[in-house]
Every structure is written in C-alpha cells, then in structure tokens.
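Me: I've got a model open and would like to go through it with you, one question at a time. Can we start with how the terms are used?

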Amino acid sequence: MRSDVITVQTGSRPTVRDITAEAQAFVSGEGDGLLHVFVPHATAGLAIIETGAGSDDDLLRAIGDLLPTDDRWRHRHGSPGHGRDHVLPAFVPPYASLPVLDGRLALGTWQSICLVDTNGDNPTRQVRFSFLPA
C-alpha cells in the first residue's frame, strides 16, 4: 500500500472543497486498485457529490438545517454551535473508498470527491490518500 497526506486550507467558514484533482494526481500512473481517502479530524467529512452546479451550497444548507449552530449542543468549546461540527462525521463520514482503473479514478460523470468542513475554528485540514493495488 502507498500512502500520503496532503494539507488543505478550508478557511474560517463552512466549506465544500473539491479534492478530486489531488486524488487523481495521487493515483495517476498506478494500475487497478482502490483509493481510500481519510480525513483524520473529528469535525470534517468526505462527500462524493456534483460540484459547481449548486449542490455544494445545497449540502452546506442541508447540514445547517439538520445540524444548526445554536446552543443545543453539549459539546461547547470553540465557536458557538461548535458541538454540531463534532456530530457532522456521523452524517458525512470521514472516509471514502473509490475504484481505480488503469490509474484513473472510476467516478461517475458528475461526481467529485469533496472535503466537507463546517468547523471555522480549524482552517487547515489533512487528508490521507492510500492506494491499495489490485
């Protein structure tokens, strides 16, 4: 297995950041196998969605509706409502596994690998790519 970590700047506001190009660069030149993507953070996740057509904003809006930033959360350190950031990975998991065929990600036409980060208190994230050859 080959593995590497990239650093992604997500900023101080909730964001959906497309990391497909970085994932593709990691598997380029490999044969068939599996790419495992993992975010080693308690307040971020990964989604495979369409981007650029409003779906990324729709996802953030849905997260805001489902997990609002108010005072309902018992986990209270950090920004107001930060407890919801710790619940996020139960809904947007911190991992994804994707097929790689002849060194290319086998994604659908409109699919992208996206880092979802609602935690403005931590604007820098790590993402681990691991390739397991067939």
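This is a predicted model: local features need pLDDT of at least 70, side-chain atom pairs count only at pLDDT 80 or more; totals for chains, interfaces and linings use all residues.

Me: Which residues of H2 are buried?
Reply: H2 covers residues 55–66. Going by the under 20% cut-off, the buried residues of H2 are Asp56, Leu59, Leu60 and Ile63.

Me: Within what arc do the buried residues of H2 fall, seen down its axis?
Reply: The buried residues are Asp56, Leu59, Leu60 and Ile63. They line one face of the helix, because seen down the axis of H2 they fall within an arc of 95°.

Me: And which exposed residues does the face turned away from that buried side carry?
Reply: The buried side of H2 packs against strand E2 (15–18), E4, helix H3 (83–87) and E7. Turned away from it is a face with the exposed residues Arg61 and Asp65.

Me: How far apart are the end C-alpha atoms of H2, and what span should its 12 residues have?
Reply: At 1.5 Å a residue, the 12 residues of H2 should span 16 Å. That agrees with the model, where the end C-alpha atoms are 16 Å apart.

Me: Moving on to the largest nonpolar core, what does Ile19 touch, leaving aside its neighbours within four places in sequence?
Reply: That core has 20 residues, and Ile19 is among those with the most contacts inside it, along with Leu35, Val37, Leu115, Val127 and Phe129. Elements giving two or more residues to this core include helix H1 (20–27), strand E3 (33–38) and strand E8 (124–133). With sequence neighbours within four places left out, Ile19 is in contact with Val8, Val37, Leu46, Ile113, Leu115, Val127 and Phe129.

Me: How many residues does the second core have?
Reply: This one is separate, and Leu60, Leu67, Trp73 and Leu88 are included in it. Leu60 is also one of the buried residues of H2. The second core has 12 residues.

Me: Is Gly81 buried or exposed?
Reply: Gly81 is in the loop between H2 and H3. Leaving aside neighbours within four places in sequence, Gly81 is in contact with Thr69, Asp70 and Trp73. Thr69 is 12 residues away in sequence, yet the two C-alpha atoms are 3.9 Å apart in space. At 13% relative accessibility, Gly81 counts as buried.

Me: What about Asp102, what is its phi?
Reply: Asp102 is in the loop between E5 and strand E6 (104–105), and is exposed, with a relative accessible area of 63%. Most residues other than glycine have a negative phi. Asp102 is not a glycine, but has a positive phi of about 50°.

Me: Which strands stand at the edges of the five-stranded sheet?
Reply: The sheet is open, with antiparallel pairing in the order E1-E8-E3-E5-E6. Inside that order, E3 and E8 are joined by six bridges, and H1 lies across E1, E3, E5, E6 and E8 at about 35° to E8. Two strands have a single partner each, so one side of each is left without a neighbour in the sheet: E1 and E6.

Me: Last one: which residue of E7 is the bridge partner of Ile48?
Reply: E4 is mostly covered, with five of its six residues buried. E4 pairs with E7 in the antiparallel sense over six bridges. In E7, the partner of Ile48 is Ile113.

Notes
Residues are numbered from 1 along each chain as its sequence is written. Side-chain values use heavy atoms; hydrogens and water are left out. A nonpolar core is a set of buried Ala, Val, Leu, Ile, Met, Phe, Trp, Tyr and Cys residues joined through side-chain atoms within 4.5 Å. Buried means under 20% relative accessible area, exposed over 50%, partly exposed in between (1.4 Å probe, protein chains only). Helices (H or I, at least four residues) and strands (E, at least two) are DSSP runs, numbered from the N terminus. Contact means heavy atoms within 4.5 Å. The expected span of a helix is 1.5 Å times one less than its number of residues. The arc is that of the directions from the helix axis to the C-beta atoms. Two strands pair if DSSP finds at least two bridges between them. Axes are lines fitted to C-alpha atoms, for helices over the stretch in contact, and angles run from 0 to 180 degrees between N-to-C directions.
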